[in-house]
Amino acid sequence: MTTLLRRGALYLLVAAIVLISLFPFFWMLVTSIKPDSELFTRTPRFIVTSPTVERYTHLLDGNIPTQFRNSLIVAVATTVLTGLIALLAGYALARYRLRTRHILTVVILVTQLLPQTILVIPLFTLFRNAGLLNTYQGLTLSHLALTVGLCTFMLRSFVVEIPFELEEAALVDGASRLRAVWSIVFPLAWPGLAASSVYAFITSWNELMFSATYMQRPEIETLPVALQQYFSSYYTDWGGVMAASVIFTIPVVIFFLLVQKRLMQGMASGAMKG
């Protein structure tokens, strides 16, 4: 009986946590389909009496599809390049006995502590001279400055846990170092790549400062920049904000669902090693 009570209490606690976690998304969705007459009421209304999809129709007929595509291109490119660079850099820091590897690790972590605003002007000058302003390439490179450092440190921790004997066996069989990394390290580091890819994708998808500074033409704006257009000094279109936020959230949820299996494997593996 005591075991059943404990299990029931645990389920209730988990259900409460899930409901609390999902409530902001529920409220965002409900607000996006409320008519203007139900947006501002004295008491919150959780049930919509006259739902409308007019805001979504207006968004899809405007620039949102183009801005969505721009954000997706940059976020996917940032995620792929971050995974590749961070895996190779993390492998080098974990495997090669460099005299300065500890210093390099500290430097990588310190760069993550620097505020983003410090990079805006130097990168703007660099991209202007290189002709990379208003390009996907320039914005992707700026996002790499935000993601590669932490992801390198994360993947280094995963590579350290992979037995080097597995690579030695491949090297003895005639494989090159790069082939050993591709065949041995890469598959075993998948949980770390999943975790780092989630971080890289969300960071790039949500980034606003670089996007607003380096993408100065309407046809290449990203979604975070588009969301700012709903706010002004005198009026905020909360219904439009919520509808755009629903569209903004969908890719993150889909991407997380795609990598959650690998991510859970990494969390379980870390728990067992701990």
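**Ser245 and the helices**

Modeller: Leaving aside residues up to four places away in sequence, Ser245 touches Met28 and Leu227. Keep in mind that this is a predicted model. Ser245 sits in helix α13, which covers residues 238-273. Its relative accessible area is 15%. The cut-off for buried is under 20%, so Ser245 counts as buried.

Now the chain around that residue. Buried residues make up 38% of the 274 residues in the protein chain. The secondary structure comes to 13 helices and 0 strands. From the N terminus on, the order is therefore simply α-α-α-α-α-α-α-α-α-α-α-α-α. The C-alpha trace spans about 70 × 70 × 30 Å along its principal axes. Take the contacts with a separation of 6 or more: 71% of them join residues 24 or more positions apart.

Helix α10 runs over residues 190-206 and has 17 residues. From its first C-alpha to its last it reaches 24 Å, close to the 24 Å expected at 1.5 Å a residue. α10 is mostly covered, with 12 of its 17 residues buried. Among them are Leu193, Val198, Phe201 and Trp205. Gly192, Ser196, Ser197 and Ser204 are also on the buried list of α10.

Helix α9 takes in residues 177-188, 12 residues in total. Its first and last C-alpha atoms are 16 Å apart, close to the 16 Å expected at 1.5 Å a residue. The buried residues of α9 are Ala180, Val181 and Val185. These residues lie on the same side of α9, because they cover an arc of only 100 degrees around the axis. Their packing partners are α4 (64-95), α7 (136-160) and α8 (164-172).

α7 also packs against another helix. Helix α6, residues 117-130, meets α7 at an angle of about 145 degrees. The axes of α6 and α7 are 11 Å apart. Their crossing is right-handed. On the α6 side, Leu119, Leu123 and Phe127 make the contact. On the α7 side, the contact is made by Gly138, Leu141, Ser142 and Ala145. By class, this contact has 5 nonpolar and 2 polar residues. It has no charged residues.

Note on methods. Residues numbered from 1 in each chain as written. Predicted model: local features only at pLDDT ≥ 70, side-chain atom pairs only at ≥ 80, totals over all residues. Heavy atoms only, no water. Helix = DSSP H or I, 4+ residues; strand = E, 2+ residues; numbered from the N terminus. Expected span 1.5 Å × (residues − 1). Buried < 20%, exposed > 50% of the residue type's maximum accessible area, 1.4 Å probe, protein only. Arc of directions from axis to C-beta. Contact = heavy atoms within 4.5 Å. Axes fitted to C-alpha atoms, helices over the stretch in contact; angles between N-to-C directions. Left-handed = near helix turned anticlockwise from the far one by under 90°. Nonpolar A, V, L, I, M, F, W, Y, C, P; charged D, E, K, R; others polar.
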